[in-house]
Amino acid sequence: MGSVGAMGEEALIERLARGLGAVQPPVEVGVGDDCAVLRLGDRTLLFATDTMVEGTHFTTDPTNPLTDLVAVGWRLGASNLSDLAAMGGRPLAAVISTALPAEWPVTWVEQAYEGLRKVGDRHGLPICGGDVVRINGPAALTLAVLGEVDGEPVLRSGGRPGDLIAVTGDLGASRACLRGVHDGSESRVALLRRGLWPMPRLEWGQALRGSASAMMDLSDGLATDLPRLARASGVGVLVREADLPVSDALVTVCGSREAAQREALIGGEDYELLVTLPKGSPLPEVPLSVIGELTAAPSQMEFVGANGEHRPLSEAGGWSHFGSAS
Ligand SMILES: [Mg+2]
């Protein structure tokens, strides 16, 4: 059957999910969305987990400007909270599992927990338990969060042909933050702040819940995540690269608006919300940019490039665990 690397992330998850069997009450939505959905009486709970691994998601090299263990804890919390936001939910509590090499300084893990505490305090996520184990390899931190949604959660599967595709905030900062020279310029510092300390969009997710037909968070980049939403909804997508929202700092660092928008198309770990909205539906008070629309042909996964050419999203590049990344 070959290795997990050869199989790739999507196929591996599909295969493992089949082995787990069909969902049963109280679970209503299982593998395949940002969170699992559980119905308990008249309450709707959300359940999700995320892992950060040394060397893959963060560095501990003291000479690297991206090394900040407090920010690692923050990002671990933020990525989990972002999955709750993507369903229109709010946090209840979390537990953490920490695998550490014996030689790790205690201050490093204390700093990571401090960052987790910071993002938890800010967004109302208490950490109420966990586990610490030794690992003969790079450190790994896993958080599992429990949340709740007031009303119906927004799934990835509710998009319909003709719906508008929109994103919150601006895109591309995280990817740009990880690459290039950190020269200490104002623009670079702004991107570093965005990349290392992402803000989970909980309030925006809750505000969008009444209007959105589908929603997910952008963790692996628009070119990778949008086809996931489209497949779940059974529709196609057409995105206009020229409409992707980018910050002035990103334009400065990339040298042109077009180059910045290419970063925005493929950049991962932005933790903004990707949302689809029926045309004419009321737009809540959320910073939203309409970037395209859903189409009736599920095989259409296209973007309109800077020169007006139609190209498959798969040619844009992006992040894939185990797979080829660019
Ligand atoms: Mg997600």
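**Reading contacts, core, domains and strands**

Student: Which residues does Leu273 touch, not counting residues up to four places away in sequence?

Tutor: Contact here means C-beta atoms, placed from the backbone, within 7 Å. By that test, and leaving out residues up to four places away in sequence, Leu273 touches Ala85, Ala86, Val167, Thr168, Arg201, Trp204, Gly205, Leu208, Met215 and Asp217. Numbering runs from 1 along each chain as its sequence is written. This is a predicted model, so local features need pLDDT of at least 70 and side-chain atom pairs 80 or more, while totals for chains, interfaces and linings use all residues.

Student: Which residues touch the most other members of the largest nonpolar core?

Tutor: A nonpolar core joins buried Ala, Val, Leu, Ile, Met, Phe, Trp, Tyr and Cys through C-beta atoms within 7 Å. Buried means 20 or more other C-beta atoms within 10 Å (exposed, 12 or fewer; partly exposed, in between). The largest core here has 81 residues, and Leu84, Met215, Leu226, Leu250, Leu273 and Leu274 touch the most other members. Helix α3, residues 69-85, is its top contributor, with nine residues. Domain 1 (38-149) and domain 2 (156-315) each supply at least three residues to this core.

Student: How many residues does each domain bring to the contact between domain 1 and domain 2?

Tutor: The bounds come from an automatic or database domain assignment. 17 residues of domain 1 are in contact with 19 residues of domain 2. On the domain 1 side, α3 gives the most, with ten residues. Taken over C-alpha atoms, the two domain centres are 24 Å apart.

Student: What span should helix α8 have, at 1.5 Å a residue?

Tutor: Helices (H or I, at least four residues) and strands (E, at least two) are DSSP runs, numbered from the N terminus. The expected span is 1.5 Å times one less than the residue count. For the twelve residues of α8 (222-233) that is 16 Å, and the end C-alpha atoms are 16 Å apart, so the two agree. Leu222, Ala223, Thr224, Asp225, Leu226, Leu229, Ala230 and Ser233 are its buried residues. Among the elements covering them are β8 (214-217), α10 (257-266) and β10 (273-277). Gly234 comes after α8 and has a positive phi, near 70°.

Student: Which residue of β11 is the bridge partner of Ile165?

Tutor: Strands pair when DSSP finds at least two bridges between them. Gly292 of β11 is the partner of Ile165, and Gly292 is also the bridge partner of Val239. Strand β7 (164-168) runs antiparallel to β11, with five bridges. Four bridges join β9 to β11, again antiparallel.

Definitions and conventions:
Contact = placed C-beta atoms within 7 Å.
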